[in-house]
Amino acid sequence: MSPPIRFEMRRRTFLVGTASAVVAANIPWRASAQPTSLAGPDRSTFTLVVNGETRELAVDNRTTLLDALREHLELTGTKKGCDHGQCGACTVHVNGERINSCLSLAVMHQGDEVTTIEGLGTPQQLDPMQQAFFDHDGFQCGYCTPGQICSAKAVLQEIRDNVPSHVTKDLTARIEATDEEIRERMSGNICRCGAYANILEAIHQAAGEQA
Amino acid sequence: MRAFSYERASEPAQAASRAAEIPGAKFIAGGTNLLDLMKLEIETPMHLIDVSGTGLDGITATEDGGLRIGALVSNTDLAANERVRRDYGVLTRALMSGASGQLRNKATTAGNLLQRTRCPYFYDTAMPCNKRSPGAGCAALGQGAFSRQLGIIGTSDACIATHPSDMAVALRVLDAEVETITPSGASRTIPLDEFYRLPGDTPDVETVLMPGEFITAVTLPPPVGGRQAYHKVRDRASYAFALVSVALVRQADGSGRVALGGVAPQPWRRAAADAALPDGANAVMSRLLDGASPTEENAFKIRLAERTLAGMLAEG
């Protein structure tokens, strides 16, 4: 695996830092609007098991799981799109289920097992779903891709577990990985490049390899 | 987001008493709605009580042959439950028509009931909203406001927001009840039809829950059988809130029950409308939506609700 990008070297981090310095110089910090008597500390210490490795974190309670992964654990494969649970770019697995990491507080995941795109496969040994996205050009710009892949893996597991969906006709029958089922189950992952047709083909390939 | 302190509760009674004694405390479980609103500073809790470790994640049979759904059961687990799929199909259908797979894995049963409206003016902190800032006014009722998604009945001059839940519409048609524990340790049972308050002139008060009162479960009476369906009409085929949704339980003799989503500040059901079901969609909706006061932009919902039910009845 390639070495993680050091944060202080990234141009975007530099620009963000500059912008907030300007804001701080011109607008009084809203300290007065902040509560003065919290019932406890506003920071917490806890551990996550990320891609099989136990990681200790000491962060502001406001830190989302997404920001903990990206800004504190330097796992920047998981992307921040809308930060409001609408686009799916931040999708990771927690204890085997897909969730939007932007809509979950890191402190609420004490001891949880988190799998990110970095934990699914490596450039030398791709997960079958990652390989399938390559084989079918399941992306253009690639920004939504880690979320798409994490979501797609969970979709196939949910179908194997016979979890119904909005388009499941018979709630008591065995559910198949049809186009309609996959499209419906992937509706929480937006791709602005519009690679949906190829993403669907990729998921079918991965589903076939599992069968 | 404002700073907050954090603690984990391990018992429902402990969660309720802590919530009552700590100023600005709120419960958090799935967090999919609360955290979103905290980022926008629409919700500004000073203290979060994480109730996800209180063990309320089971679905068990009740003594009378119904079902008790723990407050923390995820929307996915509830929809996929074998008994729910078999005996309360309208609930599985409603749950699976809402949100996305990722959200349904985190969203809980109690949290789904307590989610806030998606009225665009509630979300836009630059606009007046009586629900967000009591007394500020209602931008949704202003000239040229975007009210297409908003309520047509049960609304008031102070607020025309809808309750966004699909699950609650199915629970309403199934006569569900909400079980709670109060900060003093007492438990009580609230029928879902008494759980939500109409907005009146206090749209910020949405339920009959007392400060610190904590939902422990939702119970369903024994199965009522019949053909059960949930039809949701929305602007996209998936992952969008309802313009109108219809929950239907229909018996072989043509009798049954109907509840509407997307039209009111609560799941909308009326006994007189249920009784009119054998007479068809027009008879039902003329009773269910009697007294509706839509805006120019959302008046279409009256006709849409009727045609949606008519379509469902035509399917058999």
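I began with the contact between the chains, which takes 43 residues from chain B and 49 residues from chain A. I am working on a predicted model. About 3800 Å² is buried between chain B and chain A, and carbon and sulfur atoms give 55% of that area.

Next I looked for charges. I found one salt bridge across the interface of chain B and chain A. It joins the side chains of K39(B) and D83(A), at 2.9 Å from N to O. I also counted 21 residue pairs in polar contact between chain B and chain A. Helix α6(B) gives the most to the side of chain B that touches chain A, with five residues.

Then I turned to the largest nonpolar core, which has 51 residues. Among the members that touch the most others are L78(B), L91(B) and F195(B). Helix α9 of chain B, residues 167-173, gives the most to this core, with six residues.

Last, I checked helix α4 of chain A, residues 128-135. Which residues are buried there? I listed M129(A), Q130(A), A132(A) and F133(A). They lie on the same side of α4(A), because they cover an arc of only 160 degrees around the axis. At the start of α4(A), a side-chain oxygen of D127(A) comes within 2.8 Å of the backbone nitrogen of M129(A). After α4(A) comes D137(A), with a positive phi near 55 degrees.

Terms used. Residues numbered from 1 in each chain as written. Chains lettered and ligands numbered in written order. Predicted model: local features only at pLDDT ≥ 70, side-chain atom pairs only at ≥ 80, totals over all residues. Heavy atoms only, no water. Core = buried A, V, L, I, M, F, W, Y, C linked by side-chain atoms within 4.5 Å. Buried < 20%, exposed > 50% of the residue type's maximum accessible area, 1.4 Å probe, protein only. Helix = DSSP H or I, 4+ residues; strand = E, 2+ residues; numbered from the N terminus. Arc of directions from axis to C-beta. Polar contact = N/O pair within 3.5 Å; in protein donor to acceptor, adjacent residues only side chain to side chain. Contact = heavy atoms within 4.5 Å. Buried area = accessible area lost by both parts, 1.4 Å probe. Salt bridge = Lys/Arg side-chain N within 4 Å of Asp/Glu carboxyl O.
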